[in-house]
Amino acid sequence: MSESLVIVGNGMAAARLVDELAKVALGRYAIAVIGDEPRLAYNRVLLSSVLAGETASHEIELRPANWWRDRGVTLKYGSAVEEIDVGRRELKIANEESVDFSRLVLATGSSPLRLNVPGVDLAGVNTFRDSRDVDLLLTLAAAKKRVVVVGGGLLGLEAAYGLAKA
Ligand SMILES: Cc1cc2nc3c(=O)[nH]c(=O)nc-3n(C[C@H](O)[C@H](O)[C@H](O)COP(=O)(O)OP(=O)(O)OC[C@H]3O[C@@H](n4cnc5c(N)ncnc54)[C@H](O)[C@@H]3O)c2cc1C
């Protein structure tokens, strides 16, 4: 029987890892990918282009659903992993479902730094990291006359460009 390999995080690293495993060890593992974003893995780098209206959101998907199916991967997206018990080789998803694993890969990426100032949790203060953020920013851009971008690095500039276009 093949070992069970669970990858937490349905991002760019997970897609690449499955691609490599399928090339060198197809069938060795029963693979499951569990991610909290409610969609197939996508190219995060292209979110700036989605925000700017230059690319449609569905066009940035890294692989179509049948690509994952053809590699025998079970996909659970829209599911946050909340607990990992390494001793029992078991993890828990937000809705209390448990998943067993013999091997576990954490491919959970990173979260944006939020400013440590009062008001940072108010409605209308958003980060720019995932496609839910892009939807929120586009809603903001449509409803508000003025948007301020804090952070003038690559992502700040791309956010400002996208928001200006929107
Ligand atoms: C707008 C933008 C533009 C960028 N441009 C560039 C660029 O030009 N060049 C470059 O090199 N890099 C760029 N980056 C950075 C690049 O996108 C990241 O380095 C890359 O996505 C990291 O891949 P990853 O798979 O490690 O993580 P991610 O792609 O972040 O995937 C991790 C996934 O794990 C999920 N996750 C986290 N915790 C849990 C949990 N408990 N349970 C379930 N799922 C969980 C996350 O929601 C996420 O979907 C950009 C990033 C952004 C946001």
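**Notebook: sheets, hairpins, pockets**

I began with E4 and E5, which pair in the antiparallel sense over four bridges. Pairing here asks for at least two DSSP bridges between two strands. Strands (E, at least two residues) and helices (H or I, at least four) are DSSP runs numbered from the N terminus. I note that the model is predicted: local features need pLDDT of at least 70, side-chain atom pairs count only at pLDDT 80 or more, and totals for chains, interfaces and linings use all residues. Residues are numbered from 1 along each chain as its sequence is written, and side-chain values use heavy atoms, with hydrogens and water left out.

**Entry: the three-stranded sheet**

I traced an open sheet in the order E4-E5-E6, with antiparallel pairing. Its edge strands are E4 and E6 (98-100), each of which pairs on one side only. Neighbouring strands in this sheet are turned by 25 degrees against each other on average, direction ignored. For angles, axes are lines fitted to C-alpha atoms (for helices, over the stretch in contact), and values between N-to-C directions run from 0 to 180 degrees.

I then looked up individual partners. Asp 85 has Glu 90 in E5 as its bridge partner. E5 and E6 run antiparallel and are joined by three bridges; Leu 91 stands opposite Val 99 in E6.

**Entry: the two hairpins**

Which residue takes a positive phi in the hairpin of E4 and E5? I found Arg 89, with phi near 50 degrees, in a hairpin with four residues between the strands. Arg 89 lies in the loop between E4 and E5 (90-93). For background, most residues other than glycine have a negative phi. Is Arg 89 buried, exposed or partly exposed? Arg 89 counts as partly exposed because its relative accessibility is 43%; the cut-offs are under 20% relative accessible area for buried and over 50% for exposed, with partly exposed in between (1.4 Å probe, protein chains only).

The hairpin of E5 and E6 also has four residues between its strands, and Glu 96 in the turn has a positive phi of about 80 degrees.

**Entry: the four-stranded sheet**

I traced a second open sheet in the order E3-E2-E1-E7, with parallel pairing. E3 (74-77) and E7 (103-106) are the edge strands, each pairing on one side only. From one strand to the next, the twist averages 15 degrees. I counted four bridges in the parallel pair of E2 and E3, and Gly 35 has Tyr 77 in E3 as its bridge partner. Helix H1 packs on this sheet and touches E1 (3-8), E2 and E7 (contact means heavy atoms within 4.5 Å). The direction of H1 makes about 170 degrees with that of E2.

**Entry: pockets**

I next looked up the open space. On a 1 Å grid over the protein atoms alone, a pocket is an open set of points with protein on both sides within 12 Å along at least five of seven lines; a cavity is a set where a 1.4 Å probe fits but cannot get out; lining residues have an atom within 4 Å of a point. Points are joined across faces, edges and corners, and a volume is the space filled by probe spheres set on them.

The largest pocket holds about 810 Å³. Its lining has 29 residues, with Asn 126, Thr 127, Val 148, Val 149 and Val 150 nearest the centre. H4 (131-143) and H5 (154-165) each supply at least two of the lining residues, and H5 gives the largest share, five. I sorted the lining into 17 nonpolar, eight polar and four charged residues. The nonpolar class is Ala, Val, Leu, Ile, Met, Phe, Trp, Tyr, Cys and Pro; the charged class is Asp, Glu, Lys and Arg; the others, Gly among them, are polar.

The second largest pocket has a volume of about 460 Å³. Of its 24 lining residues, Asp 36, Glu 37, Arg 44, Thr 108 and Gly 109 are closest to the centre. H1 (12-24), E2 (29-35) and E4 (81-85) each supply at least two lining residues. This lining divides into nine nonpolar, nine polar and six charged residues.

**Entry: cavity**

How many cavities of 30 Å³ or more does a search of the whole structure find? The search gives one. The largest cavity has a volume of about 30 Å³. I list its lining as Asn 10, Leu 40, Ala 41, Trp 68, Leu 75 and Tyr 77, which by class is five nonpolar, one polar and no charged residues.
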